[in-house]
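Welcome, and please take a moment to turn the model around before reading on. The report below is meant to be read with the structure open beside it.

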Protein chains: 2
Amino acid sequence: MTDLPPIALARWTSFHVGGREVVVQGQPAREVTFTPGGAPALIDANGTYLVGGMYAQAMEPAPKRGTVPLMLWHGGGLSGACWETTPDGREGWQHFFLRAGWEVVVSDAVERGRSGWMRIPEETGGVPVTLTLENPWERFRIGPGTPQEGRVFDGQQFPADPASWRHFILGCVPRFTTTDDLTLAAYGALLERVGPSVVVAHSQGGFFAWRAAQEWPGNVRALVLVEPASTGLMEKVAALAGIPVLMIYGDFIAGDPRWPAIRARGIAFAAAVRAAGGHVDVVDLPAVGIRGNSHMIMMDRNSDRVAGLVQDWLQGLGLCA
Amino acid sequence: MTDLPPIALARWTSFHVGGREVVVQGQPAREVTFTPGGAPALIDANGTYLVGGMYAQAMEPAPKRGTVPLMLWHGGGLSGACWETTPDGREGWQHFFLRAGWEVVVSDAVERGRSGWMRIPEETGGVPVTLTLENPWERFRIGPGTPQEGRVFDGQQFPADPASWRHFILGCVPRFTTTDDLTLAAYGALLERVGPSVVVAHSQGGFFAWRAAQEWPGNVRALVLVEPASTGLMEKVAALAGIPVLMIYGDFIAGDPRWPAIRARGIAFAAAVRAAGGHVDVVDLPAVGIRGNSHMIMMDRNSDRVAGLVQDWLQGLGLCA
């Protein structure tokens, strides 16, 4: 990392978009002492809440070569920080695409990270899902068993040593499963604010990316879906006809209990988009000689190599000089 | 903003520090479908959780002039994003101190922002405090009444037009009042990882900054406390003898129901630190001709002017070339 030249940022800001007002009435006020030795404050739970806003950070490099901004939408249980570094401390895809000359917009999905979760359980129902150290080891296709046992699949690219794994889990955040409508609306507000963009999305973010492209096709110039967790709506495939799509899948899928079905649904949806006149490229990384990728491709040791494949594809579309 | 030159970052990363393991047993597993059309996954609530970790983002400018890193610790109900921009879209103190040549470390406190809140309610008790659009208007000394009424104190520097206020509230996040021990421990881990630093802290962050300096004085080169919500421990004032401290208070305090008492306790604590051989400078901004500041000084329209005062003080200590 120290060998890389500095990144010059011509502009860099963050903002929150979206959110709707929810008025609460009839609740008792309570006295809260926020800090030991502070003065108690009366906190009135009644009033106007802003629910469903979303944090985004926009960085514009100098010089800029991308013709439109490039957005990075994270997956479930994570925040935008997953693009900012890797569990073993290398530069993330946020750096990669800035270095390639893109204005990069990283967001934290609704109810996660810096977006906050104001009244999410009250308004949307559901309980948060929080992850143990053990849970994602098999689910993200690192290896069989548990991180304590430490067995990884042959050729595993995810940095799965104990310190890196612990660091990865520290970066996970609670998430709800009842906020899809709010989240989609906030991504719409983000696209509206930033304007036509390339959307690079991972896992759950891939679901929102498909859906956002169907709802606001004029604001999506290309979709890059890294192991999308789900598809768009079959009845709206026609909306995707003008948007080039790249789908990327990693390794170790055949032996997984869930990913063959998830991938098959993705491939079927891609076929439907093509039948409606769209263009979808599907890259199974092992088929092009890139082996060992977990579900967390942007964190794997070969993350820059896969980002390079994405960059080549985007340049092929003429979206980056 | 567009007139400012680019910021060159020689190095920029983020990481999570701290956290302790909590093992949960005897809970039922539940099936979760994370994404519509996804494959259900069995989520076993039993296992090892990492509780109390903290996110931090470290940016090192080129050229660098600060002799040590400068940390920005936010206050209650906010995340580190409060240093990244202002409600009216200007550059934040994160930019100001990077432009001044400091390596700047911005953190999200435990259970807020990108630090996540894994099992916080279960382990620490308490319920989260979430803020309405109305609540902070008076409490942060913007004006009397409500933001809907829109009256501000004469000369108010906070950008309190409806759009900016809404943007400010969107950036607020739920917080607990039962996590002080975890948070202090995580700040200790952050200081340990980054090494001796200047700590600039706002409001609730000021409480943690006093306490962290008392616990780990070797890792704190100077303290800048912007309207600290509370003090350190009186029985440990001696630990602060070698650490220069600057305390800053804004305007409209005399007429506030809470701030005269909070400030008075801060002044009394400063006197005790001085009596123990320490050095504390107190600046009431109106007394030096800087008027109109709310509690959110780093977001006020004159935020760069106050940051300049901080920078001059740090340069006076020889901490920045």
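This is a predicted model: local features need pLDDT of at least 70, side-chain atom pairs count only at pLDDT 80 or more; totals for chains, interfaces and linings use all residues.

**Chain A on its own**

Let us begin with the overall form. Chain A contains 8 helices and 10 strands. Its radius of gyration is 20 Å, close to the 20 Å that the globule rule gives for 321 residues, so chain A is as compact as a globular protein of that length.

**Where the two chains meet**

Now bring in the partner. The contact draws on 89 residues from chain A and 88 residues from chain B. Between them, chain A and chain B bury about 7300 Å², and carbon and sulfur atoms give 58% of this area. Three residues deserve a click here: W12(A), R114(A) and W117(A) supply 12% of the area that chain A buries against chain B, more than any other three residues.

Polar links also cross the boundary. The rule finds 30 residue pairs in polar contact across the interface of chain A and chain B, both residues being at pLDDT 80 or more. Which element gives the largest share of the side of chain A that touches chain B? That is strand β1 (residues 7–24) of chain A, with 15 residues. By type, the residues on this side of chain A divide into 42 nonpolar, 31 polar and 16 charged.

β1(A) and strand β1 (residues 7–24) of chain B pair in the antiparallel sense over 3 bridges. To find the pairing on screen, look for L9(A), whose bridge partner in β1(B) is I7(B).

**Salt bridges**

Side chains of opposite charge can pair when their charged atoms come close. Over all chains, the count comes to 30 salt bridges, and 6 salt bridges are found across the interface of chain A and chain B. R114(B) takes part in a salt bridge with D108(A), and R114(B) also forms one with E84(A). The closest N and O atoms are 3.0 Å apart for D108(A) and R114(B), and 3.7 Å apart for R114(B) and E84(A).

**Backbone details**

| Cis peptide bond | Omega |
|---|---|
| A62(A) to P63(A) | about -5° |
| A62(B) to P63(B) | near 0° |

P63(A) lies in the loop between β4 (47–61) and β5 of chain A, and P63(B) is in the loop between β4 (47–61) and β5 (70–73) of chain B.

One last stop is E227(A), which has a positive phi of about 45° although it is not a glycine. You will find E227(A) in the loop between β8 (220–226) and β9 (245–249) of chain A.

Definitions and conventions
Residues are numbered from 1 along each chain as its sequence is written. Chains are lettered from A and ligands numbered from 1 in the order in which they are written. Side-chain values use heavy atoms; hydrogens and water are left out. Contact means heavy atoms within 4.5 Å. Buried area is the accessible area (1.4 Å probe) that two parts lose on being put together, summed over both. A salt bridge is a side-chain nitrogen of Lys or Arg within 4 Å of a carboxyl oxygen of Asp or Glu. A polar contact is a pair of N or O atoms within 3.5 Å; within protein, one must be able to donate a hydrogen and the other to accept it, and residues adjacent in sequence count only if both atoms are side-chain atoms. Helices (H or I, at least four residues) and strands (E, at least two) are DSSP runs, numbered from the N terminus. Ala, Val, Leu, Ile, Met, Phe, Trp, Tyr, Cys and Pro count as nonpolar, Asp, Glu, Lys and Arg as charged, and the others, Gly among them, as polar. Two strands pair if DSSP finds at least two bridges between them. The radius of gyration is taken over C-alpha atoms; the globule rule is 2.2 Å times the number of residues to the power 0.38.
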